[in-house]
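Please consult the sequence and structure shown here.

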Amino acid sequence: MEEQIKAVRNMQDFIDAHLYENITAADLAKAAGYSSWYANRLFSYWLKITPGEYIRKLRLSKSALRLRDEQIKIIDVAFEVGFNSVDGYQRAFRREFGCNPREYAKSPTALSLFTPYGILSSKKREEHRMSETRNIFIQVVDKPARKVVIKRGIKARHYFEYCEEAGCDVWGLLMSMKSISGEPVCMWLPERYRKSNTSEYVQGVEVELDYQGEVPDGFDVIELPSSRYLMFQGEPFAEEDYEEAIEEIWKAEKKYDLTLLNYAWDMENPRIQLEPIGERGYIELLPVVSLEV
């Protein structure tokens with residue numbers, strides 16, 4: 001099983017590194033170390049999607065972000081992502097997202113972007129134990145007054161419960177929305193921001209205070225004041241070690257002596273979690289208030 005998981009990861013890494021090239025079945029087979037037939041079978045079994053569909057969805061999602069953020073011609077995007085004609089690209093874009101790319105470029109709306117996830121090893125944690133001598137980086141971050149477009153759950157207190165209640169595809173839609181912080185956020189909401197029978201844990205996008213843009217169906221908007229945070233960031237980690245990376249941050253938060261900075265924890269603002277990305281380390285932001293009179 002471990003060899004199969006490694007093979008699929010290698011294929012995902014190859015696709016990521018060569019996304020805009022002509023990726024063949026032979027290329028993926030070589031990356032996996034198996035025959036083309038068996039490599040395709042492993043990929044489809046573990047990721048529940050064929051390699052071809054995976055590549056197509058990823059290319060279209062990347063192209064949508066370029067149309068949102070750049071002044072780029074449709075024809076240039078179409079050829080970049082491997083289509084032989086603008087018509088073919090437009091049909092594929094409409095099938096994937098339900099809108100025409102030209103219309104989307106003029107007036108971007110929230111789209112359900114494809115967000116590929118890696119598969120985790122089933123080896124025991126003891127076999128992957130991270131070094132005991134790892135650093136936690138802490139810095140003060142000031143956030144402006146802002147709105148957050150959020151999707152609430154029902155009773156969720158953490159990511160996995162939230163996925164069961166709201167669905168894991170929420171993140172793809174949030175990724176398509178421009179954020180003043182550069183990426184979507186996960187939040188633990190204080191009671192004041194929660195509605196009756198809704199979850200403490202939510203996912204959303206931070207936007208400008210005067211935001212008047214689209215709010216997708218089933219989403220809410222909350223308004224947060226300017227606030228100060230302590231950002232805790234761990235060292236980079238292997239994907240299979242993500243649970244340990246999160247736990248080491250939680251332990252550091254519990255042990256940290258706020259009086260060193262003359263702060264106290266702020267219970268009126270949400271705690272923030274960023275997407276666990278191995279190459280940058282796990283990040284959380286905890287709100288604080290000054291003890292100075």
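A residue is called buried when its relative accessible area is under 20%, and exposed when over 50%. The model is predicted. By that cut-off Glu206 is buried, because its relative accessibility is 0%. Glu206 forms a salt bridge with Arg146, with 2.7 Å between the closest N and O atoms. This pair connects distant parts of the chain, as Arg146 lies in strand β2 and Glu206 in strand β4, 60 residues apart. Arg146 is likewise buried, at 1% relative accessible area.

**Other salt bridges**

The whole structure contains 17 salt bridges. Among them is the pair Glu284 and Arg271, at 3.0 Å from N to O. Here strand β9 supplies Glu284 and strand β8 supplies Arg271, 13 residues apart. Glu284 is buried, at 0%, whereas Arg271 is partly exposed, at 24%. A network of salt bridges with shared partners joins Glu53, Arg56, Lys57 and Glu96.

Helix α4 covers residues 51-69 and reaches 27 Å from its first C-alpha to its last, close to the expected 27 Å. Its buried residues include Tyr54, Ile55, Leu58 and Leu67.

Arg56 and Glu96 meet in a salt bridge of 3.0 Å, N to O. The pair links α4, which holds Arg56, to helix α6, which holds Glu96, 40 residues apart. Glu96 is buried, at 19%, and Arg56 is partly exposed, at 23%.

**Cysteines**

No disulfides are found in the whole structure. The sulfur of Cys186 has its closest cysteine sulfur in Cys163, 8.9 Å away, and therefore too far for a bond. Cys163 is buried, at 11%, and Cys186 is buried, at 4%.

Definitions and conventions: Residues are numbered from 1 along each chain as its sequence is written. This is a predicted model: local features need pLDDT of at least 70, side-chain atom pairs count only at pLDDT 80 or more; totals for chains, interfaces and linings use all residues. Side-chain values use heavy atoms; hydrogens and water are left out. A disulfide is a pair of cysteine sulfur atoms within 2.5 Å. Buried means under 20% relative accessible area, exposed over 50%, partly exposed in between (1.4 Å probe, protein chains only). Helices (H or I, at least four residues) and strands (E, at least two) are DSSP runs, numbered from the N terminus. The expected span of a helix is 1.5 Å times one less than its number of residues. A salt bridge is a side-chain nitrogen of Lys or Arg within 4 Å of a carboxyl oxygen of Asp or Glu.
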